[in-house]
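Here are some notes to keep beside you as you look around this structure for the first time. Take the points in order, and turn the view as you go.

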Amino acid sequence: MKGKVYLVGAGPGDPELLTLRAVRVLQEAEVVLYDRLVSPAVLELVPPLAQLHYVGKERGEQERVQGEILALLLAHARSGRKVVRLKGGDPMVYGRGGEEWAFLAREGIAVELVPGVSSALAVPGMAGIPLTLRGVAGGFAVLSGHAQGGGLPDFTPYAGVDTLVILMGVGERARIAGALIAAGRRPGEPVAFIERGTTPEERVVTATLGEVARGEVAVQPPAVWVIGEVVRMRERLEAATSQPR
């Protein structure tokens, strides 16, 4: 008897941002493979007798660990277990969920997607930065801070996008900022890094794109990087919130 694999989004960190479906699936799981960005509070929902496998990736070992993940998913599913592949944010947004789903489908394993709240959307909003704002930003793009093979993506198509959200870009932030300026974005454009968003350890660092390019901004991963005029809204919203009523 074959089991089933659930691709579950753990959200940006705060366990209260899990979907109801995600909570139910976690509470019934027999095996859970979880990533580096899954918070301990989310893992507390897993039954005590369930098998937990940490499968977080470090730079330079992504492909090796990904191969191990696929082998574990397949082995546990073929043993008839209820398997949860738990990923930070949403599995289908830079989570390799599509690749894992396709692999399991080829092997005849049933898969169910349980979407999660993407950190690309939730973290800026909860920090007081709207990704779109009438009269300021009519659209946004979400992109990875690195391309396959370890290089930088081609930023030319994003030169004119009102708001950019960059995931996994902290380590190469100076190079990325320089490439964005070379592609046509303004050095004086405001940016914000939201470290450990939605958790008690959240910290927001604001600067300009030029300052980031010059290596003048200290940031610790994990962090969501927002670029655009909408960043200026954070101070206005904070001021309005702090005023006595």
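1. A word on burial comes first: a residue counts as buried when its relative accessible area is under 20%, as exposed when that area is over 50%, and as partly exposed in between. R78, with a relative accessible area of 45%, is therefore partly exposed. Please keep in mind that this is a predicted model.

2. Start with the parallel sheet. Its 5 strands form an open sheet in the order β3-β2-β4-β1-β5, and the pairing is parallel. At the edges are β3 (51–54) and β5 (110–114), each of which pairs on one side only. From one strand to the next, the twist averages 20 degrees.

3. Now look at how these strands are joined. β1 (residues 4–9) pairs with β5 in the parallel sense over 5 bridges, and K4 has A110 in β5 as its bridge partner. Between β2 and β3, which run parallel, there are 4 bridges; here Y34 has Y54 in β3 as its bridge partner. β2 also pairs with β4 in the parallel sense, over 4 bridges, with L33 standing opposite R85 in β4.

4. Which way do its side chains point? V31 and L33 point one way while V32 and Y34 point the other way, and all are buried.

5. Two helices lie across β1, β4 and β5. One is α1 (residues 20–27), running at about 135 degrees to β1. The other is α4, which runs at about 175 degrees to β1.

6. D90 is a residue I would ask you to inspect. D90 sits in the loop between β4 (82–87) and α4 (97–106). Despite being buried, D90 has no salt bridge, and the nearest side chain of opposite charge, K87, is 9.6 Å away. What does D90 contact, leaving aside its neighbours within four places in sequence? The contacts are G9, P115, G116, V117 and S118.

7. The other sheet to find has mixed pairing: it is an open sheet of 5 strands in the order β6-β7-β10-β8-β9. Its edge strands are β6 and β9, each pairing on one side only. The twist averages 20 degrees from one strand to the next. β8 and β10 run antiparallel and are joined by 5 bridges; E195 has A223 in β10 as its bridge partner. Helix α5 (residues 119–126) packs on this sheet, touching β6, β7, β8 and β10, and its direction makes about 75 degrees with that of β10. Helix α6 packs on the sheet as well, touching β7, β8 and β10, with its direction at about 20 degrees to that of β10.

8. On to the nonpolar interior. In soluble globular proteins, nonpolar side chains tend to be buried together. The largest nonpolar core here has 20 residues, and those with the most contacts inside it are L180, V191, F193, W225 and I227. At least two residues of this core come from each of β6 (140–144), β7 (163–167), α6 (173–183), β8 (190–195), β9 (203–208), α7 (209–213) and β10 (223–227). Apart from it lies another core, of 18 residues, including V38, L43, V46 and V84.

9. V231 is found in the loop between β10 and α8 (233–242). Is V231 buried or exposed? Its relative accessible area is 6%, so V231 is buried. Not counting residues up to four places away in sequence, V231 touches I129, P190, V191, A192, T206 and V226. The C-alpha atoms of V231 and A207 are separated by 9.6 Å, and these two residues are 24 residues apart along the chain.

10. Finally, the charged pairs: the whole structure holds 15 salt bridges. In one of them, R78 pairs with E107, with the closest N and O atoms 2.8 Å apart. R78 lies in helix α3 (residues 62–78) and E107 in the loop between α4 and β5, so the pair ties together parts that are 29 residues apart in sequence. In another, E195 meets R203 with the closest N and O atoms 2.9 Å apart; E195 is buried at a relative accessible area of 7%, whereas R203 is partly exposed at 39%. Salt bridges that share partners also join D35, R85, K87 and E100 into one network.

Note on methods. Residues are numbered from 1 along each chain as its sequence is written. This is a predicted model: local features need pLDDT of at least 70, side-chain atom pairs count only at pLDDT 80 or more; totals for chains, interfaces and linings use all residues. Side-chain values use heavy atoms; hydrogens and water are left out. Buried means under 20% relative accessible area, exposed over 50%, partly exposed in between (1.4 Å probe, protein chains only). Lys and Arg count as positive and Asp and Glu as negative; His and the chain ends are not counted. A salt bridge is a side-chain nitrogen of Lys or Arg within 4 Å of a carboxyl oxygen of Asp or Glu. Contact means heavy atoms within 4.5 Å. Two strands pair if DSSP finds at least two bridges between them. Axes are lines fitted to C-alpha atoms, for helices over the stretch in contact, and angles run from 0 to 180 degrees between N-to-C directions. A nonpolar core is a set of buried Ala, Val, Leu, Ile, Met, Phe, Trp, Tyr and Cys residues joined through side-chain atoms within 4.5 Å.
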